[in-house]
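Subject: Structure handover

Hello,

Here is the structure I promised to pass on. Please open it first, then read my notes beside it.

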Amino acid sequence: MSLKIKTISFFIGLLMIFPVAQPVSAMVGGWLPSIVDSRAFETPALVLGDVVDPSGRPFRIGSSVELVAYPSADVMKSMREGDSIQVTPVAKAFVGPKGGFVLRLDPSVNLERFVSSAGLVDFEVRIVNGGFYAAYSFSESVTSLNELTRNNPTVNSGNPNLKNLHLVSLPVNDKVRLLESSRAGLLNKTDICGEVLLSNLGAKAVAIGATFTGGAGRTGELTYTKGSSSSLGVGLSLSGAFGSYSSSGNVSRSSTSSISFTPAAGGRLYQTYFSYGKYGQYCYPVGGSYDPTDIYAYKVQAIAFAGGSNTISQSAPATPSENCVPLASGTNFVKSTTAASTFSTGADTSSAIGVDLSSRTGYTSSTKTTFTNSSGTSRQLCGVNGYPGGSPGLIVLK
Amino acid sequence: MTNPSHTAFGLVAIVVGAILSGCVATSADGPLNLGTDVSRACNPLPEYRNAAFGVILPANLPDGIRIESVTLLNAKDIDLRGLYLMPMTDERLMLDRFPPIAQFPDAWPLAIDAIGTTLNTSSPQDLVLNVVAAPSGGKFDGLTVFYTYDGSRYRANSLFGLTLSAEPCS
């Protein structure tokens, strides 16, 4: 082993034995010096949350939190197996008491080059703490991002789902330890980080909605309009082994054509198809070049809308009687929702990675479900979570 | 030099003018939240041309919410004729003929005018709109409820719309 490697290993070993405890101010200059610490801004938080290890213990104070932006979904879609992209750090922060952290956007950072044709930017939060690593993917609309960096944002700017994020980390491998050592400033180097598309997993069926209707004269249908966005679960693994993936946020992908499912009775789960990819996440020092051994984590996520349709029979969920309203004969009820249900195993990825990822449609209210009662008598229209005109989640026409 | 009494008079005139013209600013951040989902009910005429449309108010509202007015969003060929608070029952109102006595034989006789009324939080109520469409049909895309609470004026939007159509609903 060369002296250089021995020296690096010695410092890494020191880090493991004496976890980083220096003042935060000492770390600010050494890690991502061109990115301003989120504490310098008074703009609303883009991400506000806390991070713990698998046993529930908060990450130590001063652990580094990084927000990286991805090339647009249009660029990601054009990648072939073996192609790689670089991610760009756009914000940084440090973990505070009880594992809490806040990420704010620097108003001077130009995010235009990351915006997809659907108006969305893909991000990932990355937090490392000695033996543990947490990551969380999300997509945010450019409209919302612009609002967050305005001088006078509205009170509820940004995605509310990112304001109470609770991240549970994974035990790290040696590659992540190297990553943390560079962040801590001891080695005084900045890494180039990116992702390589290891394999295109092909088109996977994804649940985009469901309708449930009773007997004759009652139908449900779903229209998935061109431009509809689905929020699709991301799986993260530090080994890449089958069955080792855990949920690590979502990315939004938009349809490029419309799908109209014909009206029908019964319980139906509506599916369309998205292509999925397995990516390797890597970092290497400035001046180096990518090598497959640099990969420290594996990620599976949707690449793009693939089109097509399928329906699966499903039994109706239970609905409390207080969530029901009468639907007269001859009446139809249309829901164009912005708070659609999440299908926790809605993306059929288990054959490829051992687990099904989640799906949620309704991001841009371009998906409509329609319930029609032509039975000749009034019927009950019921929501699972609330009454149909409010925020019902799934709806049943009895 | 400006006469202070003239300045004060000017300010009072501006405030009174704003109140009289209905231009008092309202905030959407009050305690009444009618959700962000977009929904629509459609019914063919002539049935329900004179309709009762239900706005289901959320549970657990604080005391002191007073309904000031309601306006329809993007209303076309449809009029809002009346606004009522009806005691909540096991069944909720979405759409019925007006008055909704067929669906709510017990609750409707207890309904009261909503304008100027403070919500009874100990006995939850639903808001009932009496809307009348033109013979050829009409529609609106939702509504805004203006209300006062704790000395401030607020508004709450609902994006639950209604179409009363001379053509079959599709």
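Domain bounds come from an automatic or database domain assignment. For chain A, that assignment gives domain 1 (3-189) and domain 2 (197-397). Please keep in mind that this is a predicted model.

**Confidence**

Among the elements of chain A, strand β5 (residues 100-103) has the highest mean pLDDT, at 96. Helix α2 (residues 24-28) of chain A has the lowest, at 37. Residues 1-29 of chain A have a pLDDT below 50. That stretch still has 25 contacts in the model beyond near neighbours in sequence. Where pLDDT is low, the predicted coordinates should not be read in detail.

How many residues does each domain give to the contact between them? Domain 1 of chain A gives 25 residues, and domain 2 of chain A gives 24. Look at the domain 1 side. Four elements of chain A each supply at least two residues there: α3 (73-77), β6 (120-129), β7 (132-141) and α5 (174-184). The most come from β7(A), with six residues. By class, this side of domain 1 has 13 nonpolar, five polar and seven charged residues.

**The core**

The largest nonpolar core has 126 residues. Those with the most contacts inside the core are A:Leu103, A:Ile127, A:Tyr133 and A:Leu381. Strand β16 (residues 295-305) of chain A gives the largest share, eight residues. Why does the core lie between domain 1 and domain 2 of chain A? Because both domains give residues to this core. In soluble globular proteins, nonpolar side chains tend to be buried together.

Leaving out residues up to four places away in sequence, A:Leu381 touches A:Cys324, A:Val325, A:Leu327, A:Phe333, A:Phe371, A:Pro388, A:Ile395 and A:Leu397.

**Chain B**

Now turn to chain B. Chain B has one helix and ten strands. Along the sequence, the pattern is α-β-β-β-β-β-β-β-β-β-β. Chain B has 170 residues, and 35% of them count as buried. Take the contacts in chain B with a separation of 6 or more: residues 24 or more positions apart account for 82% of these.

Five strands of chain B form an open sheet, in the order β5-β2-β7-β4-β6. The pairing is antiparallel. Which strands are at the edges? They are β5 (95-97) and β6 (112-113) of chain B, and each pairs on one side only. Within the sheet, strand β4 (residues 78-87) and strand β7 (residues 125-133) of chain B pair over nine bridges. One pair to find is B:Pro87, which stands opposite B:Gln125 in β7(B).

**Where the chains meet**

The contact between the chains takes 22 residues from chain B and 23 residues from chain A. On the chain B side, strand β1 (residues 38-44) gives the largest share, seven residues. The chain B side divides into ten nonpolar, five polar and seven charged residues.

Look for A:Val334: its bridge partner in β1(B) is B:Arg40.

**Backbone details in chain B**

Most residues other than glycine have a negative phi, and most peptide bonds are trans. Here are some exceptions. The peptide bond from B:Leu45 to B:Pro46 is cis, with omega near 5 degrees. B:Pro46 is in the loop between β1 and β2 (50-55) of chain B. The bond from B:Phe98 to B:Pro99 is also cis, with omega near -5 degrees. B:Pro99 is in the loop between β5 and β6 of chain B.

Two residues other than glycine have a positive phi. For B:Tyr48, phi is near 70 degrees. B:Tyr48 is in the loop between β1 and β2 of chain B. For B:Asp150, phi is near 50 degrees. B:Asp150 is in the loop between β9 (142-149) and β10 (152-165) of chain B.

Are these residues buried or exposed? A residue is buried if 20 or more other C-beta atoms lie within 10 Å of its own, and exposed if 12 or fewer do. B:Tyr48 has 22, so B:Tyr48 is buried. B:Asp150 has 11, so B:Asp150 is exposed.

Best wishes

How values were computed
Residues numbered from 1 in each chain as written. Chains lettered and ligands numbered in written order. Predicted model: local features only at pLDDT ≥ 70, side-chain atom pairs only at ≥ 80, totals over all residues. pLDDT = per-residue confidence, 0-100. Contact = placed C-beta atoms within 7 Å. Nonpolar A, V, L, I, M, F, W, Y, C, P; charged D, E, K, R; others polar. Pairing = 2+ DSSP bridges. Core = buried A, V, L, I, M, F, W, Y, C linked by C-beta atoms within 7 Å.
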